[in-house]
Each structure stands twice: as structure tokens, then as C-alpha cells.
Amino acid sequence: MKQTATSWMGGLRAKSMLALALACLLALLPAVLIGWQVLDGVRNYFGENYARNYTQLKRQSILAPVARELALSLRLADSVVTRQWLLDEGNAAKRALFFEEAEGYRKDFRDHAYFLASVGSRYFYFNDNTKPFSDGPRYTLDLTQKKDAWFAGTLNQTGSHYNINVDDNVQLQTTKVWFNVIVRSGDRKIGVTGAGLDLTGFLKDFIATSDPGVTPMILTAAGAIQAHPNRQLIAINMAGQRAQLAQTLAGQLPAGAQRDALAAAMAQAVAQPGEVRSFKATLDDKVQLLAVSYIPELQWHIVTAVDLKAAQVIDQGWLRAVMAAVAVVLGVLLLVFGYAVEKLVLQPVRKLQKSASAMAQGDFSVSLPPDGQDELGDLTRAFGTMARQIRSNTEELEHKVQARTLALEEANRDMRRAHQQINDSIDYASLIQQATLPSQQLTQLLGPQQFVLWRPRDVVGGDFYVFRAEGQRYLLGVVDCAGHGVPGALMTMLARSALDHAMAHVGISAPSAILSHTDTTMRAMLQHSELPRAIATNMDVGLACVDREARTLHYAGAKISLYWSDGQTVHEVKGGRRALGDRRQGSYTDTQVEIVPGATYYLTTDGFLDQAGGELGYGFGDTRFAQLLLAHARLPMEQQASALNQVLEAYRGDYPQRDDITLLSFRIA
């Protein structure tokens with residue numbers, strides 16, 4: 001009887017707890033759902049007003065300064081002085097008058113810069129604070145090149161005599177928001193002029209925002225993105241052209257109804273300038289509220305994307321008060337529920353919990369509390385069965401883990417040994433490769449009148465340099481074999497062998513003959529090798545032979561140029577168009593180069609010229625390299641080596657070294 005009562009009480013306790021939990025849940029669920037709907041509605045209301053106000057504010061902040069730049073550009077294009085000079089571009093007096101007037105405009109422009117492109121001469125004139133004043137053209141436009149397509153696009157556009165375009169000017173090395181205004185003489189289009197705002201500063205002033213969940217952007221009338229916090233999405237060089245879908249706002253939205261909604265909002269904004277149209281769309285995989293307004297003076301749409309879940313669109317004080325009230329109600333309910341759970345469940349379970357904790361620590365020999373006939377009794381018996389099963393499984397697993405741990409430790413030791421052997425072998429190979437370089441012979445013959453920058457991308461590489469002296473003649477050169485690391489280093493062994501063979505047979509006085517003989521030797525070495533097509537076996541070579549008695553220098557190259565500078569000018573002697581070992585055999589000729597007292601001569605592989613760096617990650621390039629040589633050619637050779645290395649490192653920044661780098665420089669005493 002007593003046992004039956006105990007069982008009945010246990011069942012009643014469990015049922016009472018379950019009923020209380022269900023009652024609390026049923027009371028809380030409607031309140032939570034209603035509260036959530038109310039909060040969501042309030043957030044949508046405030047969010048829409050926030051997006052509209054933010055868009056209007058952003059519209060006004062952009063309109064005034066940008067409209068001023070456009071107005072100044074229109075005045076410059078409409079100037080009588082501008083038109084008279086473009087109609088008579090060879091007139092020196094009209095040229096001087098134009099640049100005198102344009103200088104006044106330049107000082108008024110925000111970035112203190114202006115440009116003028118002539119239809120007749122195709123000359124592009126540009127002046128700003130960062131470059132010396134010039135009344136001559138910076139370069140000549142080439143309408144067959146994509147980089148100058150903005151000019152033809154501006155002239156060919158219909159319906160407007162100006163456009164605003166984000167353009168990346170490679171010659172000026174600037175990326176700006178350009179105001180392109182057509183200069184007319186009657187119905188005749190004679191040029192394009194205007195100003196530019198630096199894109200980085202423009203985005204910082206008008207697009208960058210610290211507000212969470214808010215993304216402002218600017219679109220053209222056709223929907224191309226002209227300004228966005230993500231510069232990768234900006235449509236560059238699109239004057240008078242259609243942007244790719246990926247560089248439009250429509251391209252960021254799912255196809256179908258949302259793109260149609262964007263088109264309708266843009267059309268309504270154009271019809272009612274100054275008004276804001278809004279709709280919801282999926283942008284960046286999130287549902288966001290998009291607000292659109294149009295600026296007819298600039299032919300731009302101002303768009304604000306607001307993530308209502310992340311943006312602070314609701315007053316935080318009001319929201320905190322509501323949340324505090326909800327928290328109080330929930331707290332009272334939880335206290336009531338907690339008291340009931342403590343009395344009905346936790347006290348009985350706590351006794352069982354002590355035994356369960358001991359089991360969790362690995363002690364499976366503990367004694368369980370007496371089991372009854374209620375749910376807790378069933379739980380106690382289940383714990384007992386579980387403890388016995390876990391004890392058996394744990395012992396079995398411990399044996400397996402111990403065995404596998406020993407095997408894994410042995411495998412790790414083998415892998416570490418193999419890794420160490422590979423590293424030791426590569427380090428040894430690097431020592432061998434460095435030992436084969438003729439640095440000592442160079443120093444003995446030329447002394448301080450030479451230096452070499454030799455920087456493999458990996459520990460070993462495919463670049464090396466050569467030097468051989470015969471009487472009053474000596475030969476210097478650089479070689480760039482295909483490949484990097486160990487494959488490139490192995491190719492240098494074949495290349496060095498072929499070059500030595502060529503110099504032994506034809507001498508060193510004719511670099512072109514050495515190149516031709518080396519090409520033939522390399523092809524003979526590899527013609528019977530079963531190499532995959534993907535493996536490249538070609539190499540770029542530059543060789544210079546100096547005859548100190550005759551005071552002559554003969555040069556021949558395979559895709560490598562010889563540079564020399566006296567500090568006043570920079571000269572380049574280009575090599576042949578084809579590398580040694582190329583699919584089509586090339587031809588090479590000797591070029592006699594002037595020996596200028598005090599001049600410095602340079603041979604470099606393409607690793608220096610192709611090194612990525614700078615703000616945009618472009619290669620170092622021939623132009624920047626020539627300017628570097630011009631600035632340092634008169635320095636002592638040791639200082640030159642340090643300066644060139646520092647400039648390259650500063651330009652590279654955080655970008656990795658892309659290729660093996662070899663630069664050999666010498667002077668002729």
C-alpha cells in the first residue's frame with residue numbers, strides 16, 4: 001500500500017509539473033507572438049522613414065558640391081577662350097590665354113585639377129597640384145584603345161552635352177569621378193573638358209558611413225553603380241557605354257519582380273525629382289529596404305539600402321523601456337515556474353544528480369540512490385544500466401586509443417624526419433646554386449663598379465646571372481628560366497650547361513651567336529624527353545659583351561632589354577621577341593651600344609618589372625623602372641643597389657613576391 005502511494009505521488013508530481021509548464025508556455029506564446037508582430041511593424045515604420053530621411057540628406061550633401069563642380073566644368077566648356085583656342089590650336093597666343101584662364105578655374109575646382117581633350121589633335125591636357133604645370137599635352141588619345149573609349153563615348157552620346165563618369169586613367173595613374181563636358185562651336189563638337197574628384201576622397205566624403213546596416217550608393221540614369229562602399233562593384237570607364245550587369249544595382253538583385261520594382265522606382269524618381277521611392281529587395285543575401293531619389297542636374301540616382309535588422313532605426317530609449325517591461329513580466333513568470341520546478345522536480349533529481357556527476361568524472365562504481373516506481377525510479381535504473389555499459393565501452397576505447405596514439409606518434413615522427421630531409425636538401429641546393437653564381441669573378445674584375453640583386457621567390461629559383469672574361473673582353477648576362485623553386489633551379493642547370501657549351505664553341509664576342517647556339521643546344525637536349533605540354537622549357541636571356549680595349553659594347557637579348565642611364569636620360573635596347581626554347585625559333589642580332597663615361601648599365605629579368613604593388617596592385621612596369629634608374633644612375637653602385645631594393649620593397653608592400661628577381665648593373669671604366 002505504501003509502495004502504491006509512493007508511485008501515485010511520484011506520478012502526480014510529474015503530471016503537476018508538466019501541467020504547470022504547459023500553462024506557462026500557453027500564456028507566454030501568444031504574448032510573444034503579438035509582441036513580436038508589434039515590434040516588427042514599428043521597426044518597419046521607423047525604418048522606412050529613416051531610409052527616406054537618410055536618402056534626402058545624402059541627396060542634399062552630394063548635390064551642392066558636385067553640382068558646383070559640374071557648373072564650373074560647364075562654364076569652362078562654354079568659355080569663348082576655350083572655343084577660340086580649340087578652333088586654332090596652333091596659335092601660341094590663344095594657347096597662352098586659355099591656360100591663363102584655365103588656371104583660375106583649376107584653383108576653384110575642389111581637387112584643383114582640370115583636363116581638356118581636343119577633337120582635332122586628339123591631345124589630352126591635364127593640370128593639378130601634384131604635377132608641374134604644363135601647357136603641352138600629357139598624352140595623345142588613341143580611340144582604338146579601351147582606356148580612351150570614354151572620349152568617343154562622350155562625343156557620341158545623345159540627349160545631353162555632358163556626363164559624369166568614374167574613370168581609371170592609366171597614364172595619369174589616377175582614379176577619379178570625371179565631369180566630361182562637350183565643347184561646341186555651333187553644332188560642331190571640338191573637344192571635351194571638365195574636372196575630376198578623387199574617387200577615394202569622394203567615397204570617403206559622400207559614401208562612407210559608420211551607421212550599421214546602412215549602405216549608400218550612387219547610380220547613373222541607366223542603373224550603373226558609380227559610387228559604392230565596395231569599390232569592386234563600381235562601373236569604371238563607362239562614359240557613353242552600357243555597364244555590365246554585375247556593375248549595376250539590378251545585377252545585385254534576384255532576377256524577376258525585384259529588378260522590375262527597382263526599374264519602376266527609378267522611373268518614378270525621375271518623373272518626380274526630389275521625391276523618395278522605396279521598396280524591399282534581397283541585397284547581399286539579406287532582405288533590405290531600398291530608398292531611391294533622383295538628381296536631374298547630375299543625372300544620378302541616390303540609393304540607400306537599409307538592413308532593418310542591423311540599422312538603428314528605433315529610438316534606443318523607447319526600445320529599452322519596452323524590453324525592460326517585457327523582461328519584468330517574463331521574470332515574474334519564470335520565478336513562479338522556477339519555484340514549482342524546484343519543489344516538484346529539482347529536489348528529487350538533485351539526489352540523483354550527485355551520482356550522475358560522479359559517473360561523468362569517470363567513477364562508475366558509485367552507488368545510485370534507491371529507485372522507486374515513479375519516473376525518477378525509471379531514471380535511476382536507466383542510469384545504472386548506462387553506467388555498466390559505459391564502463392565496458394570506456395575500457396575498450398582506452399585500449400584502441402592507446403594503440404592508435406602510438407601509431408600516430410610514429411607517423412608524425414616519420415613525417416617530421418621527411419620534412420626535415422626535404423628542407424635540408426633544398427637549403428643545400430640553395431648553397432650549391434649560390435656557389436655556381438660568378439659573384440667572386442665579377443668582384444675581382446669590376447670591383448665596386450657592379451652590383452647584383454638576386455632574389456629567388458623560393459629558397460631556390462629559375463634566375464641566374466653569368467660572367468666570363470677572355471683577355472680584354474668580358475661577357476655579362478642574366479637568364480630567366482621557366483618555373484620557380486626546385487623545377488626552375490633544375491632548368492638553370494640545363495641552361496648553364498647550354499650557355500657554357502655555346503661560349504666554348506663561338507666565344508664571347510658575339511652575344512647573338514651565343515644565343516642562337518644555346519637555343520639549338522637546348523632543343524637538342526630536350527627533343528627526346530617525354531615532357532608534358534604543360535611544362536615550359538623556355539628561357540629569357542640578355543647578354544652584353546664589353547671590349548675594354550676597343551671601347552665597344554655589343555648586346556643581344558631574348559625578351560630581355562638592356563637599359564643604361566647617365567642621370568640625364570634613360571635608354572633601352574630591346575631584345576629579340578622570342579625566348580630561347582620557344583615553340584617557334586627566334587632570330588637574334590647584335591646591337592652596338594654607346595659607351596658613355598659615368599653611365600650605368602642594367603640587365604633585369606621580368607620579376608622586377610612584373611612585381612605587383614602600389615594601391616591598385618599593378619606591376620612595377622617599364623615606365624616606373626625607367627624613372628627609378630634616372631633618379632639613381634649617378635649614385636655609387638653600392639648605394640644604388642640599396643636604393644633600388646628599398647624602392648621595390650616599399651612598392652611591393654604586403655603583396656607577395658610574384659617571381660624570381662635578378663638585376664645586374666655595371667659601369668665601364
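Mentor: Let's start here: E410, R413, D414 and R417 are linked in a network of salt bridges. A salt bridge is a side-chain nitrogen of Lys or Arg within 4 Å of a carboxyl oxygen of Asp or Glu. Before we go on, this is a predicted model, where local features need pLDDT of at least 70 and side-chain atom pairs count only at pLDDT 80 or more, while totals for chains, interfaces and linings use all residues. Residues are numbered from 1 along each chain as its sequence is written, and side-chain values use heavy atoms, with hydrogens and water left out.

Trainee: OK, how many salt bridges does the count come to by that rule?
Mentor: The count comes to 19 salt bridges. One of them joins R417 and E410, with the closest N and O atoms 4.0 Å apart.

Trainee: You mentioned strands. What order do the 5 strands of the open sheet come in?
Mentor: The order is β14-β15-β16-β17-β20, with antiparallel pairing. Two strands pair if DSSP finds at least two bridges between them.

Trainee: Which strands stand at the edges?
Mentor: β14 (463-470) and β20 (591-593) do; each has a single partner strand, so one side of each is left without a neighbour in the sheet. On average, neighbouring strands of this sheet are turned by 20° against each other, direction ignored. For angles like these, axes are lines fitted to C-alpha atoms, for helices over the stretch in contact, and angles run from 0 to 180 degrees between N-to-C directions.

Trainee: How many bridges join β16 to β17?
Mentor: There are 6 bridges between β16 and strand β17 (residues 552-558), which run antiparallel. Look for A544, which stands opposite Y555 in β17.

Trainee: Which helix lies across β15, β16 and β17?
Mentor: That's helix α11 (residues 511-526), running at about 145° to β16.

Trainee: Where is R548 found?
Mentor: R548 sits in the loop between β16 and β17. At 30% relative accessibility, R548 counts as partly exposed. Leaving out residues up to four places away in sequence, R548 touches L445, G471, Q472 and Y474; contact means heavy atoms within 4.5 Å.

**Helices**

Trainee: Switching topic: at what angle do α13 and α14 pack?
Mentor: Helix α13 (residues 622-632) and helix α14 (residues 637-652) pack at about 145°, with their axes 11 Å apart. On the α13 side, R624, L628, L629 and H632 make the contact, and on the α14 side, Q640, A643, L644, V647 and Y651.

Trainee: What about α4, how many of its residues are buried?
Mentor: For helix α4 (residues 149-156), 6 of the 8 residues are buried, so α4 is largely enclosed by the rest of the structure. The buried ones are A149, W150, F151, G153, T154 and L155. They pack against β1 (114-118), β2 (123-127), β4 (162-169), β5 (174-185) and β6 (188-194).

Trainee: Last one: where is Q433 placed?
Mentor: In helix α8 (residues 375-436). Q433 counts as buried, at 6% relative accessibility. Among the residues that Q433 touches are W454, V460 and D463.

Terms used. Helix = DSSP H or I, 4+ residues; strand = E, 2+ residues; numbered from the N terminus. Buried < 20%, exposed > 50% of the residue type's maximum accessible area, 1.4 Å probe, protein only.
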